[in-house]
Amino acid sequence: MANVLYVGNFNLLKGYASVARAFNIARLFSEQRHNVFIPTIESSLHLQLFDKDKNINFIERKDFGKIRSYLLSKYYIELIKKHNIQIVILYDFPAIPSLNIIKFCKKNAIKVIGDITEWFDA
């Protein structure tokens, strides 16, 4: 059983489709007995709308704002350490924090998966 961190700009109030995609992919990991952590804005709202899967954990996070979210990686690296993450999934995530997270993961033998089917930004 591995701990998975699914990183993206998930906000149910602004983007239902991305949250639904993350939840369904997280459900696949859960069926393989992995614990999945999804940092998101309005996590209490997510818990009301999605099935309560004991292996899928929504983590409340604040909205960093558009500019800061393009530069911020420290928050996610702290989550990786805190939850003993073995797999990180980067969904529609900005390049600079992605590179920082990938470098950290490479140093610590953590697998990184890019969910990049809809990347349209730097």
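Author: H4 passes H5 in a right-handed crossing, meaning that the near helix is turned clockwise from the far one by less than a right angle. This is a predicted model, in which local features need pLDDT of at least 70, side-chain atom pairs count only at pLDDT 80 or more, and totals for chains, interfaces and linings use all residues. Residues are numbered from 1 along each chain as its sequence is written, and side-chain values use heavy atoms, with hydrogens and water left out.

Reader: Is H4 roughly parallel or roughly antiparallel to H5?

Author: The axes of helix H4 (residues 74–82) and helix H5 (residues 95–107) come within 9 Å and cross at roughly 30 degrees. Angles under 35 degrees count as roughly parallel and those over 145 as roughly antiparallel, so H4 is, relative to H5, roughly parallel.

Reader: Which residues of H5 make the contact with H4?

Author: Contact means heavy atoms within 4.5 Å. On the H4 side it is made by Tyr76, Ile77, Ile80 and Lys81, and on the H5 side by Asn100, Ile101, Phe104 and Cys105.

Reader: Is Arg33 buried or exposed?

Author: Arg33 lies in the loop between helix H1 (16–31) and strand S3 (35–41), and its phi is near 70 degrees, a positive value in a residue other than glycine. Buried means under 20% relative accessible area and exposed over 50%, with partly exposed in between (1.4 Å probe, protein chains only). With a relative accessible area of 58%, Arg33 is exposed.

Reader: What is the phi of Ala109?

Author: Ala109 is found in the loop between H5 and strand S6 (111–115), and at 73% relative accessibility it counts as exposed. Although Ala109 is not a glycine, its phi is positive, at about 55 degrees.

Methods: Axes fitted to C-alpha atoms, helices over the stretch in contact; angles between N-to-C directions. Helix = DSSP H or I, 4+ residues; strand = E, 2+ residues; numbered from the N terminus. Parallel < 35°, antiparallel > 145°, perpendicular 65-115°, else oblique.
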